[in-house]
Amino acid sequence: MVQRVWKLLDILEETSRFFAARGLENARLQAELLLAAVLDIKRLDLYLQFERPLHTEEVDVYRDYVRQRVQRVPVQYILGATAFRELELTVTPAVLIPRPETEVLVDVALELLPTGGRALDLCCGSGAIALSLKRELAEVAVVATDISQAALAVARANGASCELEIEWLSGDLFAAVEGDFDLVVSNPPYVKSGDLARLEPEVRDHEPRLALDGGADGLDCYRRIAHQASDHIRPGGYLLLEVGDGQSVEVEKLLAEVGRFAEVQTKPDLNEVLRVVVARASST
């Protein structure tokens, strides 16, 4: 039996229909992202090669990617990489996939960090926040911690591939941390335990539960950070926390109750959702 020779456009159209029939959003875009990765070209370059015939080996790899995607494995895990701000990062199921909302957290941190200052990233995961701070404000010293050894391995590898020097520490929040900082930043777990089963399957079935589960009300980590952070922030320094939809008021209240922060406010993300809680440590 003669095996079909697939042209690039034909396999893209076939895959797009296949994805759409299984309820995947942006079916054509996802088909293109996977094929561009197989061929090791930019996605837009696909449009210059629609008549290109694919080798059997390329088709086999692409079909494997497609099978994984219809099993709702995130594209980033299939490809083992994702873009975040100026970085190309390795991601595995050991780490949460960095979201665009977290870029706003980095924007705020860069505005507040003094030149030559010291920053701490709690629950660092892939290292996206810590590495972005170091890449975009090279004069700062950055420390990053995570309780997951598997996540730290990914973060360290990203640091090496990006050629950025971060002090990576293994520990639960501040447990392994010494000294104080001009800024502490964190995107901690904030999904309510009871809501985990209702998450989309890409998140529920493939992203690390440790990075998602924030306890019964989603605020477990925020409580702990609120009570411990001021011991590690210099007078007048800042605590920045990414929060889930509708959590900003509760987190602001937690920080206010501690009594060690002079002012607390929340900044919106690009969709005008209140996303980044900013607390300034008292000067005395």
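Predicted model: local features only at pLDDT ≥ 70, side-chain atom pairs only at ≥ 80, totals over all residues.
A residue is called buried here when its relative accessible area is under 20%. By that criterion helix 6, residues 128-136, is mostly covered, since 7 of its 9 residues are buried. These are Ala-128, Ile-129, Ala-130, Leu-131, Ser-132, Leu-133 and Lys-134.

The protein chain has 284 residues, of which 49% count as buried. Its secondary structure comes to 10 helices and 9 strands, and its C-alpha trace spans about 80 × 40 × 35 Å along the principal axes. Among contacts in the chain with a separation of 6 or more, 64% are made by residues 24 or more positions apart.

An open sheet is formed by 7 strands, arranged in the order 5-4-3-6-7-9-8, with mixed pairing. From one strand to the next, the twist averages 15°. Within this order, strand 3 (residues 118-122) and strand 6 (residues 181-186) run parallel and are joined by 4 bridges. Leu-122 stands opposite Ser-186 of strand 6.

Helix 6 can now be placed against these strands. The helix lies across strand 3, strand 4 (141-146), strand 5 and strand 6. Relative to strand 4, helix 6 runs at about 175°.

Another piece of packing is found between helix 1 (residues 8-21) and helix 2 (residues 27-39). Their axes come within 8 Å and cross at roughly 135°. Helix 1 and helix 2 are therefore oblique to each other, and helix 1 passes helix 2 in a right-handed crossing. On the side of helix 1, the contact is made by Leu-8, Leu-9, Ile-11, Leu-12, Glu-13, Thr-15, Ser-16, Phe-19 and Ala-20. Helix 2 contributes Ala-27, Arg-28, Gln-30, Ala-31, Glu-32, Leu-34, Leu-35 and Leu-39. Sorted by class, this contact has 11 nonpolar, 3 polar and 3 charged residues.

Two loop residues complete the tour. Pro-114 is located in the loop between helix 5 (100-112) and strand 3. With a relative accessible area of 35%, Pro-114 is partly exposed. When residues up to four places away in sequence are not counted, Pro-114 touches Val-140 and Asp-182; Asp-182 falls within strand 6, which covers residues 181-186. Pro-114 and Leu-239 are 125 residues apart along the chain, and their C-alpha atoms are separated by 14 Å.

Leu-210 belongs to the loop between helix 8 (201-204) and helix 9 (220-228). Its relative accessible area is 53%, and because exposed means over 50%, Leu-210 counts as exposed. Leaving aside neighbours within four places in sequence, Leu-210 is in contact with Ile-147, Ser-148 and Pro-189. Ala-130 is one of the buried residues of helix 6.

Conventions:
Residues numbered from 1 in each chain as written. Heavy atoms only, no water. Axes fitted to C-alpha atoms, helices over the stretch in contact; angles between N-to-C directions. Parallel < 35°, antiparallel > 145°, perpendicular 65-115°, else oblique. Left-handed = near helix turned anticlockwise from the far one by under 90°. Contact = heavy atoms within 4.5 Å. Nonpolar A, V, L, I, M, F, W, Y, C, P; charged D, E, K, R; others polar. Buried < 20%, exposed > 50% of the residue type's maximum accessible area, 1.4 Å probe, protein only. Pairing = 2+ DSSP bridges.
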